[in-house]
Amino acid sequence: MKILDNPFFKMHLSLFSLFIIGTFVDKIFLNASIRVIILTYIILALITILIQLMLKINYLNYYLFYIVFIKRIYPILKKVRDNNNIRILKSSAGYIIKKYCDEYYYNLIFLSFPCNLFNKKYVKLKPGIEEEYINKYRRITGGKNLPSFIKRKHLKKNRFWKNWSYSIVLLFNKESTIHIFTELDDEESRQKTKLTTDLQNHSYGIYNNAGKLFLEIIFLKNSQTYKRICKKLYNDLEQYLKQPVIKQSEFHVDSRIVLRWASGGVLPIACIKNKKYFVLLFRDIPPIGLNIPNGASETKSEYKEIDHLIYREFCEEIVLLDDKPDIYRSLDLDTRVYQKLFNFFGGIPLNIENLCPTFIKSHQELRKEYDRIKIENKDDRPEISYITTPFSLDLHFHDQAGEKKTKSFKNILFNINPYEFGIEIIRPLQFKIEEENYFLDGEIWELGPSLVRQPVVLISVEFLKNLYQKNKTIGVLKSDEQFMNCKEIEKIPSYAFKFYSLDIELRKEFIKRYNRGTLNRDKYAGVYSRYQKWLDEYETKFSMLEENKDQINISYPLNVLCPTTWKAIETMFQYNLI
């Protein structure tokens, strides 16, 4: 029974045993009264309950484990074990570490504290790495000296973790954890490929981008060996997925690779007057380029319910309005625009209202606060059609009762990118919209909170397909650090491209209002800085594109596709899925 494993129950069982033994001893040898014995037990029981309640408060529990034990006591134990000459102390410290500590992972937790990661005593970083990353790391952590690599059971959102963003499990791979199986389906005369991922016995993870930077520093930037492993896996996997299968074949991901779980999204295809377009967003952090709407799991359930993660990310990043808002008329609160909501079906009906119940309200309130645009919901939902693919996922995990379970997900695409420590699960789908409908980015930046404002871009499916059929690729791989494994399309003609620029105009309007002093400078200082930096970097490029979009070919930065994006698109063309 589950209750028998509860520490609270075990503590009281121990106390009750002591009570029975104590009663027997006292009655025989000390002749204590029953009243005294019962009173003693009650006091001890209350103390136990108080301790248990205190430990139930996650803040105290986390503080004791990470700040007191990992940061202070654990390194002392290691030092005594490794350097002390007194045999009894040395063996005692060794016993405690072996018995109660998961040494490899506890070392990583210890190193993920900023004060340790950038301390030459613990980590010998290559020249230039410390300067490059230290400011990024501290900016994400808000200057707080907390670990970015933690136990899986502690990943949920909690006030202890400053700047919490997501809940990602890290798969420290074993041969059975991640593998790919391909076989030829005689009935359908095509090969089918299944990705198998096992979440069992993986007990550690990260909760914000400082964790990703930590992995990058420890494994990728500081180890040429790991880089070579990544490059080999990347090339071998690409070759494996392209080769024809005679009957069946299998591919195992190298056991030395570390990968994040879960990450997913949608490859959206909008149909406008019988023409099809990929719906993408411009990403302004490395890898820089056009990206599909995707992101990381935020709850423990999303590790296992991949469809929920996929559709939530799509709904939060792609907002479809019935028309372009007039930002100069939006001061009049009677002027409204309407948002078209999406429905999905995956076993049970899924829609934006139950996938992310607070998101619609939060996004619409921010649009009103920042942009003076009033958005209301419209029950005119785009018709979604699903695309059949030869790819599937089998996911193994333990349920809440500890039973082993397997869940299958069909009609997906997947991408393993060892350089990003990523496994992406992508679902392609298409929907019809009207020409006057308007796309906005819906993503919310938690620091603020504020609107992220990634410009939305549509690229013609027909144009990219013709490129692929001609060259067996849609672009050229870029080697620059900030564009790692992105592909650049040489030229995109204006007829194959649609660009939704309203959020650029709204950035500029926000800057003007801030400079005029009509906004609270203390409240919006961080948002102002972020928007101004973006405009300094990209406004000129986007303005030239907007002013001359009918005369010029689309070039940098809107001709660069992020790795997950171009791989998903090329897979669609390779298997003739669209």
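By class, the residues lining the largest cavity comprise 10 nonpolar, 3 polar and 4 charged, where Ala, Val, Leu, Ile, Met, Phe, Trp, Tyr, Cys and Pro count as nonpolar, Asp, Glu, Lys and Arg as charged, and the others, Gly among them, as polar. The model is predicted, with local features needing pLDDT of at least 70 and side-chain atom pairs counting only at pLDDT 80 or more, while totals for chains, interfaces and linings use all residues. Residues are numbered from 1 along each chain as its sequence is written, and side-chain values use heavy atoms, with hydrogens and water left out.

## The largest cavity

A cavity is a set of points, on a 1 Å grid over the protein atoms alone, where a 1.4 Å probe fits but cannot get out, and its lining residues have an atom within 4 Å of a point. The largest cavity holds about 320 Å³ of space, and of the 17 residues that line it, Glu 238, Leu 241, Phe 414, Lys 567 and Thr 571 are the closest to its centre. At least two lining residues come from each of α9 (224-242), β19 (413-417) and α17 (563-574), with α9 giving the largest share, 6 residues.

## The second largest cavity

About 50 Å³ of space lies in the second largest cavity, which is lined by Ile 327, Tyr 370, Asp 371, Arg 372, Leu 506, Glu 509, Phe 510 and Arg 513. Of this lining, 4 residues are nonpolar, none polar and 4 charged, and α15 supplies the largest share, 4 residues.

Key. 1 Å grid on protein atoms, 1.4 Å probe; cavity = no way out; pocket = protein on both sides within 12 Å on 5 of 7 lines; lining within 4 Å. Points joined across faces, edges and corners; volume = space filled by probe spheres on them.
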